[in-house]
Amino acid sequence: MAAELQALAPLDVARIREDFPILARAIRGKPLVYLDSGASAQRPKAVIDAMSGYYERHHANVHRGVHTLSQEATDLFEGAREKVRRFLNAASTREIVFVRGTTEAINLVAQSWGRSRLKPGDEIVITWLEHHANIVPWQMACEQTGAVLKIVPIDRRGVVDHEAYLSMLGPRTKLAAFSHVSNALGTVLPVREMVAAARERGIVTLIDGAQAVPHQAVDVREIGCDFYAFSGHKLFGPTGIGVLYGREAVLAAMPPWQGGGDMILTVSFSGTTYNELPYRFEAGTPDIAGAIGLGAAIDYVDSLGLERIAAWEHELLDYATRRLSAVPGLEIVGTAPDKASLVSFTIEGVHPHDLGTILDAEGIAIRTGHHCAMPVMEFFDLPATARASFAFYNTREEIDVLAAALVRAREMLG
Ligand code: PMP
């Protein structure tokens, strides 16, 4: 009972902020208000220390040497893989492929799985709210194979039309690929239902989890997907490292993507044999420090607890939605009933880019632009939006600072 209460105790945000050295910075003489974690989150000292500690004491190449440092580096690198496996509740570390990020993970699937499986006339189903990383690789695979991309519509709230999704899963559909959480609108997609519908029809599924893993617990076996992709830098880990989860049976049947060291068993001019999973998809020296940093980030997030993180972020989202709605001329873009912790918006008469610059002068970092989701902007007939995105280290006071600055910006420019 005590443990349960402990687990549900609210986060001590003031103390947590001390773990993030950058949050103590001043920008243009004002305390930094960092509301751009959706683009890239900040790192706790534990992650920075894990990486510098690795470089100071353990660095050597992995999987190659018998010397002590190489073994230590390999143990740390493979230890990080096990942390990722546990984090996603994957069945085996053979299903965890280290990549550069979500973008590379999806390109890997599009090129390896897509090019070897897709035939002219086959269909790939994605949704209208995807990030470019879950659109362009499929467009490229379609150009290469003659497959066709089908787009599930969304409504004015930013909710994916589930009936349309079901009706698009036809006999020619080979793959359904969709976000877990939209980076432009915050919509949380019902991935379990979407995957179940695809699986019933024998369709392979890929989930872009870039915006989901920092905010909620993800269990790939419960979801039932074939692939799940995410980036370390949005999960309070380093840039340059990310993860492709692939169900073992699916990964094992895929041809290698990039060739080189580490992905082979034997090489000869009469033929080359490939390594076992997951190394077959990890050609060349990997980002060893990045993987170790990601492992430390997972430990950090686990120490806070994703349930507590989700609870605090929902409070922040509700508070921000209320405070921002009260700003004259402000319209929230993306009003799905199930949203993760970001608010996209426009202010009448103020271009989002001007807004971003004005807020920067007050030490407030938000994102402005098309958020690498140009079809979403086209759908809402907007050139750009401003987006404030929250992490567990944000506070209500920071949202007050944002709201007050938005009122002033509107008075100045609107
Ligand atoms: N998908 C979504 C939903 C994203 O938000 C992002 C990053 N903005 C990506 C994919 C791409 O991630 P990365 O740039 O780390 O590869």
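Biologist: What is the order of the strands in the open sheet of four strands?

Modeller: In this predicted model, the order is E13-E14-E17-E16, and the pairing is antiparallel.

Biologist: What makes E13 and E16 the edge strands?

Modeller: Strand E13 (330-333) and strand E16 (367-369) each pair on one side only. On average, neighbouring strands of the sheet are turned by 30° against each other, direction ignored.

Biologist: How do you know that E16 and E17 pair?

Modeller: Two strands pair if there are at least two bridges between them. E16 and strand E17 (residues 385-389) have three bridges, in the antiparallel sense, so they count as paired. Thr-368 stands opposite Ala-386 in E17.

Biologist: Good to know! Which strands does helix H13 touch?

Modeller: Helix H13 (residues 352-360) packs on the sheet and touches strand E14 (342-347), E16 and E17. The direction of H13 makes about 155° with that of E16.

Biologist: Now the helices. Why are H4 and H11 called oblique to each other?

Modeller: The axes of helix H4 (residues 68-88) and helix H11 (residues 288-304) cross at roughly 40° and come within 8 Å. Roughly parallel would need an angle under 35 degrees, and roughly perpendicular one of 65 to 115. H4 and H11 are therefore oblique, and their crossing is left-handed.

Biologist: Which residues meet there, and how do they divide into nonpolar, polar and charged?

Modeller: Among them, Leu-76, Phe-77 and Lys-83 in H4, and Ile-292, Gly-295 and Asp-299 in H11. The contact has 12 nonpolar residues, one polar and three charged.

Terms used:
Residues numbered from 1 in each chain as written. Predicted model: local features only at pLDDT ≥ 70, side-chain atom pairs only at ≥ 80, totals over all residues. Heavy atoms only, no water. Axes fitted to C-alpha atoms, helices over the stretch in contact; angles between N-to-C directions. Helix = DSSP H or I, 4+ residues; strand = E, 2+ residues; numbered from the N terminus. Parallel < 35°, antiparallel > 145°, perpendicular 65-115°, else oblique. Left-handed = near helix turned anticlockwise from the far one by under 90°. Contact = heavy atoms within 4.5 Å. Nonpolar A, V, L, I, M, F, W, Y, C, P; charged D, E, K, R; others polar.
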